[in-house]
Amino acid sequence: MNDVTGSVRSIGRKVEDSDVLDTAVRIGLLAYGFVYLVVAWLAVQMAFGDSSGSASSDGALHQVARQPFGQVLLWAIAGGMALLVVWRLLEAAFGYRDEDGGKRLRKRLMALGKAVLYGSLAYSAVKIVVGAGSSKGSGSDSFTARLLDLTGGRFLVAGVGLAIIAYALMQIVRAWRESFRDYLTSEGESGDVGTAYVWFGKVGYTAKGLAFGIVGSLFLYAAVTHEAKKSGGLDQALHKVLQQPFGPAMLLVMGLGIGCYGVFCFVRSRHLSR
């Protein structure tokens with residue numbers, strides 16, 4: 001049994017360090033960045049008064065589906081997300097070997113969580129291609145409603161909200177500590193172009209953190225009020241921003257920030273340091 005386990009680990013490590021996986025991750029990051037750029041575009045449209053599209057990952061995928069060759073693009077996005085799932089699962093199983101036990105476990109669990117996120121995007125893209133997705137769906141509401149119906153459902157929904165807020169805070173900390181620099185090669189950080197890349201990351205991670213912080217807060221509010229419709233995804237969070245004083249201007253800034261995150265995914269794909 002130990003020999004089999006050792007062999008599996010050896011194979012996993014070789015795959016993790018391979019050029020094939022490196023190329024796969026680059027392709028996946030391009031697809032992920034593209035989705036965020038579409039989300040940013042929808043958010044900017046909302047800021048200027050056009051709320052016809054949903055500024056969420058699902059909304060972005062539906063927007064892509066309506067374009068020429070939309071189904072081809074969706075299959076490409078689904079494939080890119082699947083490649084990222086493989087990457088993160090390998091990290092969850094074999095990654096961070098140089099870290100100590102507690103830190104290694106935390107990072108591996110985070111990698112597993114990201115694999116689930118990428119997998120959900122891949123699933124959504126395929127579902128839209130085959131015609132099972134609805135552009136007006138309320139997935140967050142139904143998910144929250146199912147949790148609220150369980151014993152201790154309020155605590156479960158509150159736990160989801162707190163987890164999302166923790167993730168959001170991590171994005172903001174990553175932005176201001178500039179720890180995302182670890183994702184880039186030295187070439188990607190050097191010179192005036194490298195400085196611009198770092199600013200894309202700084203602004204992008206901050207905007208992403210703020211947006212997901214609002215999403216987490218909506219889940220907490222739903223837990224307190226026991227109303228599933230009080231929760232929501234990224235689209236509902238951005239609508240909440242729009243409803244505030246100076247909401248359109250705030251949403252415009254946040255949309256541009258989310259776009260910066262999309263651009264940084266492109267940068268990371270080019271100057272990848274895994």
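Predicted model: local features only at pLDDT ≥ 70, side-chain atom pairs only at ≥ 80, totals over all residues.
Residues are numbered from 1 along each chain as its sequence is written, and side-chain values use heavy atoms, with hydrogens and water left out.

## The overall picture

Helices here are DSSP runs of H or I with at least four residues, strands are runs of E with at least two, and both are numbered from the N terminus. Follow the sequence along and the pattern reads α-α-α-α-α-α-α-α-α-α-α.

How much of the chain is buried? Of its 274 residues, 43% fall in that class. Buried means under 20% relative accessible area, exposed means over 50%, and partly exposed is in between, using a 1.4 Å probe and protein chains only. The accessible surface of the chain comes to about 14100 Å², and 63% of that belongs to carbon and sulfur atoms. Those areas come from the Shrake-Rupley method with a 1.4 Å probe, and for residues only the protein chains shown count as cover.

## Inside the core

The largest nonpolar core has 67 residues. A core of this kind is a set of buried Ala, Val, Leu, Ile, Met, Phe, Trp, Tyr and Cys residues joined through side-chain atoms within 4.5 Å. The residues with the most contacts inside this one are Tyr-32, Leu-61, Met-81, Leu-84 and Leu-238. Helix α2 (residues 19-47) gives the most to this core, with 14 residues.

What does Tyr-32 touch? Setting aside neighbours within four places in sequence, its partners are Met-81, Leu-84, Leu-117, Tyr-118, Leu-121, Lys-208, Tyr-261 and Cys-265.

## Two helices side by side

Helix α10 (residues 234-242) and helix α11 (residues 247-270) pack at an angle of about 140°, with axes 7 Å apart. The axes are lines fitted to C-alpha atoms, for helices over the stretch in contact, and angles run from 0 to 180 degrees between N-to-C directions. That makes α10 oblique to α11; angles under 35 degrees count as roughly parallel, over 145 as roughly antiparallel, 65 to 115 as roughly perpendicular and the rest as oblique.

On the α10 side, the contact is made by Leu-238, Val-241 and Leu-242, and α11 brings Gly-247, Pro-248, Met-250, Leu-251 and Met-254. These residues divide into seven nonpolar, one polar and no charged. In this scheme Ala, Val, Leu, Ile, Met, Phe, Trp, Tyr, Cys and Pro are nonpolar, Asp, Glu, Lys and Arg are charged, and the others, Gly among them, are polar.

## A pair of arginines

Arg-88 is in helix α4 (residues 70-94), while Arg-268 lies in helix α11. Beyond four places in sequence, Arg-88 touches Tyr-96, Ala-111, Lys-114, Ala-115, Tyr-118 and Arg-268.

| Residue | Relative accessible area | Class |
|---|---|---|
| Ser-56 | 12% | buried |
| Glu-178 | 23% | partly exposed |
| Ser-217 | 38% | partly exposed |
| Ala-163 | 48% | partly exposed |
| Phe-246 | 70% | exposed |

## Loops and a helix pair

Ser-56 sits in the loop between α2 and α3 (57-65). Its partners beyond four places in sequence are Val-39, Leu-234 and Asp-235.

Most residues other than glycine have a negative phi. Glu-178, in the loop between α7 and α8 (186-189), has a positive phi of about 60°. Phe-246, in the loop between α10 and α11, also has a positive phi, near 60°.

Finally, Ala-163 is in helix α7 (residues 153-177), and Ser-217 is in helix α9 (residues 191-225). The C-alpha atoms of Ala-163 and Gly-216 are separated by 7.5 Å, though the two residues are 53 apart along the chain. Ser-217 and Ile-164 are likewise 53 residues apart in sequence, with 8.4 Å from C-alpha to C-alpha.

Conventions. Contact = heavy atoms within 4.5 Å.
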